[in-house]
Amino acid sequence: MVQAILNQPIQETRKTPLVQVSRVSKQFGKKRVLHEIDLEVAEHELVVVVGRSGCGKSTMLRLLAGLETATEGQIFVDGLGLRGANAVARLMFQNSALLPWKTVLGNVVLAAPRTSDAPAVAMEALSQVGLADRAKDWPAILSGGQQQRVALARALASQAGLLLLDEPLGALDALTRLEMQALIEKIWIKRRFSIVLVTHDVEEAVTLGDRVLVMDRGQFVLEKEILMARPRTRTSPELVELKEEILSRVMGS
Amino acid sequence: MKSAAINQILPWLLPLGLLAVWQSLSSAGILTGRILPSPVAVVLAGVHLTQTGELPLHLFESFRRAATGLLIGGSIGFLLGLLNGLSVLADRVLDSSVQMVRNIPHLAMIPLVILWFGIGEEAKLFLITIGVFFPIYINTVHGIRSIDPRLIEMGRSYGLSRLGLFLNVILPGALPSILVGLRYALGIMWLTLIVAETIACDNGIGYMTMNARDFLQTDVVLLGICLYALLGKAADMVTRLLERRLLSWNPAYNSIT
Ligand SMILES: Nc1ncnc2c1ncn2[C@@H]1O[C@H](COP(=O)(O)OP(=O)(O)O)[C@@H](O)[C@H]1O
Ligand SMILES: [Mg+2]
C-alpha cells in the first residue's frame, strides 16, 4: 500500500508537508538542547541543517526518527502525531552501523519490506549504489566509503519516505565525499523521498539543499531557499556567495 | 608453500624429540618402569586395555559425565546470562548474588556436596555443572553488554521485532564472547572431572587411574594422564572449529587457517 504510493511517478506535490515539527523542545535533565523548533519537510524535498558541533542537530534527527520523544511540542507525520518509532523515516549515521556478521546483501535484506521479493529489492538497491558485485562480501573488508554506500542501499531498500542523514559523509576523504554527494543527489532525483541532511560542511549544504537551515544552540537562526538547477557547480558565484553568508552565520555569535 | 609445510612441522619437533629422549632413557635402563614407564609401554597398556574392553568403557563413562555436566551447567549459565544481559531488573535482583557465589572455588564445596549427594553420580555432575556455569554465565552477560548500542538502535529504527532484534543483532553480537566462555568452561570441565572421578567412582578414566595406582601399574596411570591431555586438546579443537565456522565474518578469526 505505502509502497505503491511511494512508487508513483513524481508530480508537483512539493506543497504537501510530509513531516511537520511544531514548537518542539527537548530537554535532557535540566539541560535544554532544542528550543521551540518549527520545521516542515515537504514530499521530495531535500532540507539541509548546518550548525556547530553540539548545537542539537543529532537530537533533532533522533526526534524525527522517533528514537527520542519531545519534551514539549509535537511532530506530525502525514498529519498524524508521531508516537514511537517513525515508520516512514530511516536514520543513517556517520558510522555505517552495518551488522558485521551479515553479508552486504544480508544487511540490506534486513531493511527491505518483509515480502518474498526482499532479496530482489535489496539487490536492486545495491546496484543503485554500484555495489551489486560485493553482495556476498563481509562488511569488514569494504572501504569506509563502500560501507556508507551499503548503509545508503539499506536505507533505500527500506522504501522509506524520509531519509535522515546524520553527517553521513563526515568520516570520508574529500574525493569519496564528492562522489557520495553526487550519488545521493542522483538517487534522490530518481526516487521519490524526502531527505533531512545534517552536515557541518557548508559547501555540501549549498550544493545539495533545496533549503538550508542554520542551527545555533537549539534554534534555527537562518533559513535559505536555494532554487538553482541541479547538478550545481560549486564554483558558481551565487553558490560561493551563499556559502560565505551561511558560513559567517554559522561561525558568528 | 614450502614455509607452510615447515610451519606445520615446527610445533611437533619438541614433543617428538622429548618422546625420543624418554624412550631411549627407558631403553637404556636409566628410567625404571616403576617411576616412568617408556612411551612404548604406555601405548602397549592402551592397546591391552582396549582389547579387554575396559578402556572404551571408562572413556565413554568419563565423556558422558563431562558432556552431561556441560550441557546442564552451560544451559543454565547461558539462559541466566541472557536474562541478566537483556533485563536490567533481573540483573539488579540476581547478579550480585551470583557474583558472591562465584567467589567460592567450586572444588572447595566437595565436602558439602558429598554430604548432600553422597559419593554417587549426582555429586560429580553437580560439581561439573557449577564449574562450567560461571564462565558461560559471565561471558554471555558480557557479550550482550558489549554490543555496539548503535547497532541496536539501527535495528530498532529499521523496525525489527524484539525477536528479530535478538536473532539478528544481540545473539550474533554476543557469540564471540559466549564462545570464549565455552572454552574456559571446557577447561574447568576436565579439571572438575578429574577431581570428581578420583573421589570415589567405579568407572571413568579417573577410576581407572586410581585403581592402577593401587596395583602399582604406572603405565596405566600414565595412560590416564595422557588421555586427559588428549581429551582436553580435542575439546579445544572443537571450540576452535566452532569459532572459525560461526565467526567467519570476523577478520580476527578467519585469517587463521
Ligand atoms: N542522551 C543525552 N543525554 C544528555 N545529553 C545529551 C544526550 N544527547 C545529546 N545530549 C546533549 O545535547 C547537546 C546536543 O547534542 P547533539 O544533538 O548530538 O549535537 P550535534 O549533533 O549538533 O553535534 C550536546 O550538548 C549533548 O551533550
Ligand atoms: Mg551530531
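The structure holds 26 salt bridges over all chains, a salt bridge being a side-chain nitrogen of Lys or Arg within 4 Å of a carboxyl oxygen of Asp or Glu. This is a predicted model, in which local features need pLDDT of at least 70, side-chain atom pairs count only at pLDDT 80 or more, and totals for chains, interfaces and linings use all residues. Residues are numbered from 1 along each chain as its sequence is written, chains are lettered from A and ligands numbered from 1 in the order in which they are written, and side-chain values use heavy atoms, with hydrogens and water left out.

**Around ligand 1**

- The shell around ligand 1 is made up of A:Phe28, A:Lys31, A:Val33, A:Arg52, A:Ser53, A:Gly54, A:Cys55, A:Gly56, A:Lys57, A:Ser58 and A:Thr59; a residue belongs here if one of its heavy atoms lies within 4 Å of the ligand.
- By class, this shell has three nonpolar, five polar and three charged residues. Here Ala, Val, Leu, Ile, Met, Phe, Trp, Tyr, Cys and Pro count as nonpolar, Asp, Glu, Lys and Arg as charged, and the others, Gly among them, as polar.
- Strand S2 (31–42) and helix H2 (57–65) of chain A each supply at least two residues of the shell, and H2(A) gives the largest share, three residues. Helices (H or I, at least four residues) and strands (E, at least two) are DSSP runs, numbered from the N terminus.
- A polar backbone atom of A:Gly56 is 3.1 Å from an oxygen atom of ligand 1.
- On its own, ligand 1 has 560 Å² of accessible area, and the protein covers 60% of that. Accessible areas come from the Shrake-Rupley method with a 1.4 Å probe; for residues, only the protein chains shown count as cover.

**Where chain A meets chain B**

- In this interface, 22 residues of chain A are in contact with 16 residues of chain B (contact means heavy atoms within 4.5 Å).
- The two chains bury about 1,900 Å² between them, 64% of it on carbon and sulfur atoms. Buried area is the accessible area (1.4 Å probe) that two parts lose on being put together, summed over both.
- The rule finds one salt bridge across this interface, and B:Glu153 and A:Arg62 form a salt bridge through their side chains (2.4 Å, N to O).
- Strand S6 (89–92), helix H3 (104–111) and helix H5 (144–157) of chain A each supply at least two residues of the side that touches chain B.
- That side of chain A has 15 nonpolar, two polar and five charged residues.

**Charge pairs within chain A**

- Side chains of opposite charge can pair when their charged atoms come close.
- A:Arg62 also forms a salt bridge with A:Glu68, with the closest N and O atoms 3.0 Å apart.
- A:Arg230 forms a salt bridge with A:Asp210, the closest N and O atoms being 2.7 Å apart. This pair links distant parts of the chain, 20 residues apart: A:Arg230 is in the loop between S10 and H8, and A:Asp210 in the loop between helix H7 (202–208) and strand S9 (211–216).

**Backbone details to look for**

- The peptide bond from A:Arg230 to A:Pro231 is cis, with omega near -10°.
- A:Pro231 sits in the loop between strand S10 (219–225) and helix H8 (237–251) of chain A.
- A:Glu36, in strand S2 of chain A, has phi near 45°, a positive value in a residue other than glycine.

Technical notes
Polar contact = N/O pair within 3.5 Å; in protein donor to acceptor, adjacent residues only side chain to side chain.
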